[in-house]
Amino acid sequence: MLEKINQTVAFIKSRTTVEPRVGIVLGTGLGNLTDEIKIVTAIPYTEIPNFPVSTVMGHKGQLVFGTLNGINVVAMQGRFHFYEGYSMQELSFPIRVMKYLGIKTLVLSNASGGVNPTFEVGDIMIITDHINLMGNNPLIGKNNDEIGPRFPDMHDTYDKALISKALLIAEKNGIRCRQGVYAAMTGPCFETPSEYKYVHIIGADCVGMSTVPEVIVARHMGLPVFAVSIITDLGIIGKVVEVSHEEVIQAANNAEPKMTKIIKELVTLI
Ligand code: HPA
(Lines give C-alpha, C1' and ligand atoms only; values in the text may rest on other atoms or scores of the structure.)
Protein backbone atom coordinates (compact mmCIF):
# COMPACT_ATOMS: atom_id res chain seq x y z
CA MET A 1 0.00 0.00 0.00
CA LEU A 2 2.70 2.48 1.05
CA GLU A 3 4.67 1.68 -2.10
CA LYS A 4 1.62 2.42 -4.24
CA ILE A 5 0.94 5.66 -2.37
CA ASN A 6 4.57 6.80 -2.78
CA GLN A 7 4.52 5.96 -6.48
CA THR A 8 1.36 8.01 -7.03
CA VAL A 9 2.66 10.90 -4.91
CA ALA A 10 5.93 10.95 -6.88
CA PHE A 11 3.99 11.10 -10.15
CA ILE A 12 1.78 13.95 -8.94
CA LYS A 13 4.77 15.91 -7.63
CA SER A 14 6.33 15.60 -11.08
CA ARG A 15 3.22 17.27 -12.50
CA THR A 16 2.52 20.13 -10.09
CA THR A 17 4.46 22.51 -7.88
CA VAL A 18 1.44 23.17 -5.65
CA GLU A 19 1.91 21.89 -2.10
CA PRO A 20 -1.68 21.50 -0.87
CA ARG A 21 -2.63 22.23 2.75
CA VAL A 22 -6.26 21.25 2.45
CA GLY A 23 -7.85 18.37 0.54
CA ILE A 24 -11.40 18.77 -0.74
CA VAL A 25 -13.85 16.10 -1.92
CA LEU A 26 -16.97 17.40 -3.62
CA GLY A 27 -20.27 15.57 -3.73
CA THR A 28 -23.09 15.16 -6.22
CA GLY A 29 -24.22 18.48 -7.66
CA LEU A 30 -21.61 20.28 -5.55
CA GLY A 31 -18.71 20.48 -8.00
CA ASN A 32 -18.95 24.20 -8.62
CA LEU A 33 -16.68 24.98 -5.70
CA THR A 34 -13.87 24.18 -8.14
CA ASP A 35 -14.91 27.34 -10.06
CA GLU A 36 -13.69 29.26 -7.02
CA ILE A 37 -10.29 27.59 -7.15
CA LYS A 38 -7.55 29.39 -9.06
CA ILE A 39 -6.41 26.27 -10.86
CA VAL A 40 -2.70 25.75 -11.35
CA THR A 41 -2.75 22.09 -12.42
CA ALA A 42 -5.54 19.64 -13.28
CA ILE A 43 -4.65 15.97 -13.71
CA PRO A 44 -7.28 13.58 -15.13
CA TYR A 45 -7.71 10.50 -12.93
CA THR A 46 -7.01 8.34 -15.98
CA GLU A 47 -3.41 9.62 -16.04
CA ILE A 48 -2.69 9.02 -12.36
CA PRO A 49 -0.98 5.71 -11.57
CA ASN A 50 -2.90 3.46 -9.13
CA PHE A 51 -6.02 5.65 -9.18
CA PRO A 52 -9.25 3.72 -9.71
CA VAL A 53 -10.16 3.44 -13.37
CA SER A 54 -13.47 5.18 -13.83
CA THR A 55 -16.02 3.80 -16.22
CA VAL A 56 -18.91 5.96 -15.03
CA MET A 57 -17.30 9.37 -14.77
CA GLY A 58 -15.74 9.26 -18.22
CA HIS A 59 -13.28 12.10 -18.77
CA LYS A 60 -14.79 14.26 -16.04
CA GLY A 61 -12.84 13.02 -13.02
CA GLN A 62 -9.74 15.00 -12.25
CA LEU A 63 -7.52 16.10 -9.43
CA VAL A 64 -7.34 19.88 -9.29
CA PHE A 65 -4.47 21.82 -7.67
CA GLY A 66 -4.55 25.53 -7.00
CA THR A 67 -5.56 28.16 -4.47
CA LEU A 68 -8.91 28.70 -2.80
CA ASN A 69 -9.14 32.10 -1.16
CA GLY A 70 -5.34 32.19 -1.22
CA ILE A 71 -4.89 28.77 0.40
CA ASN A 72 -3.19 25.91 -1.44
CA VAL A 73 -5.69 23.11 -2.01
CA VAL A 74 -6.15 19.87 -3.87
CA ALA A 75 -9.71 19.01 -4.87
CA MET A 76 -11.20 15.82 -6.24
CA GLN A 77 -13.54 16.79 -9.02
CA GLY A 78 -15.65 13.66 -9.00
CA ARG A 79 -15.51 11.05 -6.26
CA PHE A 80 -15.66 7.29 -6.37
CA HIS A 81 -18.68 5.53 -4.86
CA PHE A 82 -18.97 2.01 -3.46
CA TYR A 83 -22.12 1.42 -5.55
CA GLU A 84 -20.08 1.92 -8.73
CA GLY A 85 -18.30 -1.33 -7.93
CA TYR A 86 -15.00 -0.03 -6.52
CA SER A 87 -13.68 -1.70 -3.42
CA MET A 88 -13.58 0.35 -0.22
CA GLN A 89 -9.77 0.42 -0.51
CA GLU A 90 -9.90 1.60 -4.14
CA LEU A 91 -12.41 4.39 -3.62
CA SER A 92 -10.54 5.78 -0.60
CA PHE A 93 -7.03 5.52 -2.13
CA PRO A 94 -7.08 9.19 -3.29
CA ILE A 95 -7.49 10.26 0.35
CA ARG A 96 -4.30 8.40 1.27
CA VAL A 97 -2.51 10.09 -1.61
CA MET A 98 -3.73 13.55 -0.54
CA LYS A 99 -2.43 12.90 2.99
CA TYR A 100 1.00 11.95 1.67
CA LEU A 101 0.94 15.04 -0.58
CA GLY A 102 0.94 16.93 2.69
CA ILE A 103 -2.65 18.03 3.37
CA LYS A 104 -3.34 18.92 7.00
CA THR A 105 -7.14 18.78 6.83
CA LEU A 106 -9.76 16.99 4.73
CA VAL A 107 -13.00 18.75 3.77
CA LEU A 108 -15.85 16.74 2.25
CA SER A 109 -19.32 17.45 0.95
CA ASN A 110 -22.21 15.28 -0.10
CA ALA A 111 -25.92 15.20 -0.88
CA SER A 112 -28.23 13.28 1.42
CA GLY A 113 -31.81 12.52 2.32
CA GLY A 114 -33.03 14.16 5.52
CA VAL A 115 -34.71 12.01 8.16
CA ASN A 116 -34.79 14.58 10.97
CA PRO A 117 -38.41 15.85 11.01
CA THR A 118 -37.28 19.47 11.42
CA PHE A 119 -35.21 19.40 8.23
CA GLU A 120 -36.18 20.99 4.89
CA VAL A 121 -34.90 20.42 1.37
CA GLY A 122 -31.94 22.74 0.75
CA ASP A 123 -30.73 22.70 4.35
CA ILE A 124 -27.03 22.53 5.03
CA MET A 125 -26.03 20.07 7.72
CA ILE A 126 -22.60 20.03 9.30
CA ILE A 127 -21.79 16.41 10.04
CA THR A 128 -21.00 15.87 13.74
CA ASP A 129 -20.84 12.06 13.61
CA HIS A 130 -21.68 9.13 11.38
CA ILE A 131 -23.14 5.64 11.39
CA ASN A 132 -21.57 3.20 8.96
CA LEU A 133 -24.34 1.01 7.54
CA MET A 134 -22.39 0.01 4.44
CA GLY A 135 -21.57 -3.42 5.79
CA ASN A 136 -17.95 -2.89 4.87
CA ASN A 137 -14.90 -0.91 5.95
CA PRO A 138 -11.86 0.33 4.01
CA LEU A 139 -9.53 -0.78 6.84
CA ILE A 140 -10.43 -4.46 6.52
CA GLY A 141 -7.34 -6.45 5.60
CA LYS A 142 -3.71 -6.34 6.63
CA ASN A 143 -2.86 -3.13 8.49
CA ASN A 144 0.28 -1.13 7.81
CA ASP A 145 1.26 0.40 11.18
CA GLU A 146 3.39 2.99 9.39
CA ILE A 147 0.23 4.43 7.85
CA GLY A 148 -2.11 4.16 10.83
CA PRO A 149 -3.19 1.99 13.77
CA ARG A 150 -5.00 -1.34 13.50
CA PHE A 151 -7.86 -0.11 15.69
CA PRO A 152 -8.32 3.63 15.12
CA ASP A 153 -10.32 5.57 17.68
CA MET A 154 -13.43 7.15 16.17
CA HIS A 155 -14.33 9.65 18.90
CA ASP A 156 -14.15 13.24 17.68
CA THR A 157 -14.07 11.99 14.10
CA TYR A 158 -15.45 15.32 12.90
CA ASP A 159 -13.15 18.03 14.19
CA LYS A 160 -14.90 20.12 16.85
CA ALA A 161 -12.77 23.23 16.34
CA LEU A 162 -13.55 23.23 12.61
CA ILE A 163 -17.26 22.76 13.33
CA SER A 164 -17.22 25.78 15.68
CA LYS A 165 -15.44 27.89 13.08
CA ALA A 166 -17.89 26.85 10.36
CA LEU A 167 -20.87 27.67 12.59
CA LEU A 168 -19.43 31.14 13.22
CA ILE A 169 -18.94 31.72 9.50
CA ALA A 170 -22.52 30.58 8.81
CA GLU A 171 -23.90 32.86 11.51
CA LYS A 172 -21.90 35.83 10.26
CA ASN A 173 -23.28 35.29 6.76
CA GLY A 174 -26.88 34.66 7.82
CA ILE A 175 -26.76 31.03 6.67
CA ARG A 176 -28.96 28.64 8.63
CA CYS A 177 -26.89 25.59 9.42
CA ARG A 178 -28.03 22.28 10.86
CA GLN A 179 -25.80 19.83 12.69
CA GLY A 180 -26.32 16.11 12.80
CA VAL A 181 -25.44 12.48 12.21
CA TYR A 182 -24.90 11.08 8.71
CA ALA A 183 -25.80 7.44 8.06
CA ALA A 184 -24.08 5.83 5.09
CA MET A 185 -25.73 3.05 3.09
CA THR A 186 -24.32 1.53 -0.06
CA GLY A 187 -27.05 2.60 -2.48
CA PRO A 188 -27.53 2.81 -5.39
CA CYS A 189 -31.24 2.59 -4.67
CA PHE A 190 -32.67 5.29 -2.47
CA GLU A 191 -34.13 4.06 0.81
CA THR A 192 -37.54 2.51 1.31
CA PRO A 193 -39.85 4.39 3.71
CA SER A 194 -39.04 1.76 6.34
CA GLU A 195 -35.32 2.23 5.85
CA TYR A 196 -35.62 6.03 6.24
CA LYS A 197 -37.60 5.39 9.43
CA TYR A 198 -34.98 2.91 10.64
CA VAL A 199 -32.02 5.26 10.16
CA HIS A 200 -33.88 7.96 12.05
CA ILE A 201 -34.71 5.61 14.92
CA ILE A 202 -31.08 4.53 15.30
CA GLY A 203 -29.94 8.14 15.62
CA ALA A 204 -29.22 9.54 12.17
CA ASP A 205 -30.41 12.89 10.84
CA CYS A 206 -29.73 12.13 7.19
CA VAL A 207 -28.69 9.26 4.95
CA GLY A 208 -26.43 9.10 1.93
CA MET A 209 -24.15 6.85 -0.11
CA SER A 210 -20.66 8.28 0.34
CA THR A 211 -18.21 10.08 2.65
CA VAL A 212 -17.91 7.51 5.44
CA PRO A 213 -15.24 5.34 3.74
CA GLU A 214 -13.16 8.42 2.97
CA VAL A 215 -13.57 9.74 6.51
CA ILE A 216 -12.54 6.40 8.03
CA VAL A 217 -9.36 6.36 5.95
CA ALA A 218 -8.60 9.98 6.83
CA ARG A 219 -9.00 9.29 10.55
CA HIS A 220 -6.88 6.15 10.23
CA MET A 221 -4.06 8.48 9.15
CA GLY A 222 -4.85 11.07 11.84
CA LEU A 223 -6.18 13.71 9.41
CA PRO A 224 -8.69 16.18 10.89
CA VAL A 225 -11.99 16.04 9.00
CA PHE A 226 -14.74 18.54 8.27
CA ALA A 227 -17.83 17.44 6.32
CA VAL A 228 -21.04 19.08 5.17
CA SER A 229 -24.18 17.49 3.79
CA ILE A 230 -26.81 19.17 1.65
CA ILE A 231 -30.30 17.84 2.33
CA THR A 232 -31.65 17.23 -1.16
CA ASP A 233 -34.79 15.24 -0.30
CA LEU A 234 -36.70 14.08 2.74
CA GLY A 235 -37.40 10.59 4.00
CA ILE A 236 -39.67 11.82 6.76
CA ILE A 237 -43.13 10.43 7.43
CA GLY A 238 -45.64 12.93 6.07
CA LYS A 239 -42.96 14.69 4.02
CA VAL A 240 -41.68 11.72 2.00
CA VAL A 241 -41.75 12.24 -1.72
CA GLU A 242 -40.42 10.14 -4.54
CA VAL A 243 -36.84 11.05 -5.25
CA SER A 244 -34.81 10.99 -8.45
CA HIS A 245 -31.14 11.58 -9.15
CA GLU A 246 -32.07 14.71 -11.14
CA GLU A 247 -33.93 16.21 -8.17
CA VAL A 248 -30.97 15.48 -5.92
CA ILE A 249 -28.62 17.30 -8.30
CA GLN A 250 -31.03 20.24 -8.65
CA ALA A 251 -31.49 20.65 -4.89
CA ALA A 252 -27.73 20.35 -4.34
CA ASN A 253 -27.06 23.01 -6.99
CA ASN A 254 -29.56 25.36 -5.34
CA ALA A 255 -27.96 25.05 -1.91
CA GLU A 256 -24.40 25.01 -3.18
CA PRO A 257 -23.61 28.76 -2.86
CA LYS A 258 -24.22 28.59 0.92
CA MET A 259 -21.89 25.63 1.27
CA THR A 260 -19.26 27.21 -0.98
CA LYS A 261 -19.29 30.35 1.14
CA ILE A 262 -18.65 28.37 4.32
CA ILE A 263 -15.86 26.20 2.89
CA LYS A 264 -14.18 29.14 1.17
CA GLU A 265 -13.91 31.04 4.44
CA LEU A 266 -13.13 27.97 6.51
CA VAL A 267 -9.98 27.06 4.55
CA THR A 268 -8.41 30.37 5.52
CA LEU A 269 -8.91 29.50 9.20
CA ILE A 270 -7.40 26.03 9.06
N1 HPA B 1 -30.74 8.57 0.26
C2 HPA B 1 -29.49 8.20 0.00
N3 HPA B 1 -28.63 8.96 -0.63
C4 HPA B 1 -29.03 10.17 -1.01
C5 HPA B 1 -30.32 10.61 -0.78
C6 HPA B 1 -31.23 9.76 -0.11
O7 HPA B 1 -32.41 10.08 0.14
N8 HPA B 1 -30.42 11.86 -1.29
C9 HPA B 1 -29.20 12.16 -1.80
N10 HPA B 1 -28.37 11.14 -1.65
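**The ligand and its surroundings**

The ligand sits in the largest pocket. A molecule counts as sitting in a cavity or pocket if more than half of its atoms lie within 2 Å of its grid points. The model is predicted, so local features need pLDDT of at least 70 and side-chain atom pairs count only at pLDDT 80 or more, while totals for chains, interfaces and linings use all residues. Residues are numbered from 1 along each chain as its sequence is written, and side-chain values use heavy atoms, with hydrogens and water left out.

The pocket has a volume of about 820 Å³. Its lining is made up of 34 residues, and G27, T28, G29, H81 and H245 lie nearest its centre. Two or more lining residues come from each of β5, β8, β9 and α6 (245–266). By class, the lining holds 14 nonpolar, 15 polar and 5 charged residues. Here Ala, Val, Leu, Ile, Met, Phe, Trp, Tyr, Cys and Pro count as nonpolar, Asp, Glu, Lys and Arg as charged, and the others, Gly among them, as polar.

Strands are DSSP runs of E with at least two residues, helices are runs of H or I with at least four, and both are numbered from the N terminus.

A backbone N or O atom of A111 is 3.3 Å from a nitrogen atom of the ligand. A polar backbone atom of G113 lies 3.4 Å from a ligand nitrogen. For T232, an N or O atom of the side chain is 3.4 Å from a nitrogen atom of the ligand. On its own the ligand has 260 Å² of accessible area (Shrake-Rupley method, 1.4 Å probe), and the protein covers 96% of that area.

Which residues line the second largest cavity? They are F80, H81, F82, L91, M134, M209, S210, T211, P213 and E214. This cavity has a volume of about 30 Å³, and its lining divides into 6 nonpolar, 3 polar and 1 charged.

Conventions: Polar contact = N/O pair within 3.5 Å; in protein donor to acceptor, adjacent residues only side chain to side chain. 1 Å grid on protein atoms, 1.4 Å probe; cavity = no way out; pocket = protein on both sides within 12 Å on 5 of 7 lines; lining within 4 Å. Points joined across faces, edges and corners; volume = space filled by probe spheres on them.
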